[in-house]
Amino acid sequence: MGASDGAKYAYIVARVRAMKGKLIPRDMYPKFLNMEIPEITRFIGESEYKNDVDELGKKYRGTDLFEHALNQNLALTYRKLIDVSQNEANFLITEYLRSFDIWNIKTVLRGKFSGASEEEILEDVISAGQLRYRDLTEIVKIGTIEGVIAAFAKTPYYPALEGYKGVLADVENSLDKLYYSNLIKAASASGNKLFLKFLRTEIDLKNLKILFRMKRAGMERDEIIKMLIPGGMELKENDLGRLSAMSFSEFVRALEEFSYWKAISDISAELGSLIHIETRLDKYGLVYASSISYYYPLSILPVLDYILSKKIEVDNLRIIVRGKETNLPEDIIKAHLVM
Amino acid sequence: MDPTQAGMVAVGAGLAVGLAGIGAGLGEQAIGAAAVGAMAEDEKFFGKGLLMTVIPESIVIFGLVVALILLFVF
């Protein structure tokens, strides 16, 4: 990496490092578990989420306020990253954050499929990608799924949507595959090998989650293969085919040959619980992102590390508040937290 | 000192300061960008950022010392 390569990332990296320093410290989460919802909301209202809580406080109350404030803050934070970055960093961040476009399209389709109201759908929209909130507000007004899909005709996501034949899972799966294949193309075009490495590890973790879920549900090999995303780092296509064909116990034993095993090996007795596995895999992703961002400090990796850390912070806060609202036992809430 | 020699010494002194200045500038471009980035998020980084940014300036001082030696000792 030459001096100018380093210089072009210096600004954005220093900025995200400073932003990461403002994230809620890990040791706060156990404290949140001992607090009541109003106390947590007050704490959040005095933190980095202050502006969002103040702004939305007139419109929402209680956990709804909390949820909206978190979503708005996440969207604004990610949008800020796009706004303050330049050149290659800007291109890669923009492409990576298209995952929120996929999330929003899925949210709208699921909402329409289940007959949710416009307000309910918009509650879960996070406009951190390229689809703007005002555009989504218009799309949500469309009554049918076919109409919604037609409204996305001019977006790059239409190829995954046009094959809709009444099964939402197929479209969602195509969207995920399209997102990752476009992202790999973008990473290859930019020649940024570090971004590609991060991405391919993320695909592996996503595939592992899919494999665990599908294996638990007792799905057949062909069904599982259709859901998996090609392009992983360690789990190549032949590995995925091999793992898909195994029984659950064989599959777990076969995972020992991959480096991801160390993330879940100590909970091998509880591998029947998807919550534990998914939390561990998320944590692995977080620790991986953080560690490689220190190996390559002047690269896109610290930015990706921040994007992941921020997302996990918001998810953790949401889990705590939603868990407390529904009176879930503390140990179940804790099991869902990525710390 | 004949005029050619004096001229060469002057060119050497100029190069010592000039090249050191370019080197310091190259070093400072990343540090300055990072310092501004950190300060944009938190004003408390002003002092540290300023200090880090001027550290490569020491190279220019070495260049200046060499230039002065060339001009006044030779």
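Predicted model: local features only at pLDDT ≥ 70, side-chain atom pairs only at ≥ 80, totals over all residues.
Among the contacts in chain B between residues at least 6 apart in sequence, 71% join residues at least 24 apart. The predictor assigns the complex an ipTM of 0.82 and a pTM of 0.89. For chain B, the mean pLDDT is 92, and 100% of the residues reach 70 or more.

Let me stay with chain B. Its secondary structure consists of three helices and zero strands, in the order α-α-α along the sequence. How does its radius of gyration stand against the globule rule? The value is 17 Å, whereas the rule gives 11 Å for 74 residues; chain B is therefore more spread out than a compact globule. Of the 74 residues in chain B, 19% are buried.

I turn to chain A. This chain has 20 helices and, again, zero strands. Its radius of gyration is 20 Å, close to the 20 Å from the globule rule for 339 residues, so chain A is as compact as a globular protein of that length. Its C-alpha trace spans about 55 × 55 × 45 Å along the principal axes. Buried residues make up 38% of the 339 in this chain. Of the contacts in chain A with a separation of 6 or more, 61% are between residues 24 or more positions apart.

Helix 13, residues 193–216, contains 24 residues and reaches 35 Å from first to last C-alpha, close to the expected 34 Å. After helix 13 comes A:Gly218, with a positive phi near 70°.

Next, one residue in detail. A:Asp101 lies in helix 7, residues 99–114 of chain A. Is A:Asp101 buried or exposed? It is buried, because 22 other C-beta atoms lie within 10 Å, and the threshold for burial is 20 or more. Beyond four places in sequence, A:Asp101 touches A:Gly129, A:Gln130, A:Leu131 and A:Tyr157. A:Ala128, 27 residues away in sequence, is 7.6 Å from A:Asp101, C-alpha to C-alpha.

I come now to the nonpolar interior and the interface. In soluble globular proteins, nonpolar side chains tend to be buried together. Here the largest nonpolar core holds 93 residues, and those touching the most other members are A:Ala10, A:Val13, A:Val108, A:Val303, A:Leu304 and B:Ala34. The element giving the most to this core is helix 19 of chain A, residues 301–325, with 11 residues. A second, separate core has five residues, among them B:Ala13, B:Ala20, B:Ala24 and B:Ala67.

B:Ala34 brings us to the meeting of the two chains. Apart from its neighbours within four places in sequence, B:Ala34 contacts A:Ala10, A:Tyr11, A:Val13 and A:Ala14. How many residues does each chain bring to the contact? Chain A supplies 11 and chain B supplies 12. On the side of chain A that touches chain B, nine residues are nonpolar, one is polar and one is charged.

Definitions and conventions
Residues numbered from 1 in each chain as written. Chains lettered and ligands numbered in written order. Helix = DSSP H or I, 4+ residues; strand = E, 2+ residues; numbered from the N terminus. Expected span 1.5 Å × (residues − 1). Contact = placed C-beta atoms within 7 Å. Nonpolar A, V, L, I, M, F, W, Y, C, P; charged D, E, K, R; others polar. pLDDT = per-residue confidence, 0-100. Rg over C-alpha atoms; globule rule 2.2 N^0.38 Å. Buried ≥ 20, exposed ≤ 12 C-beta atoms within 10 Å, placed from the backbone. Core = buried A, V, L, I, M, F, W, Y, C linked by C-beta atoms within 7 Å.
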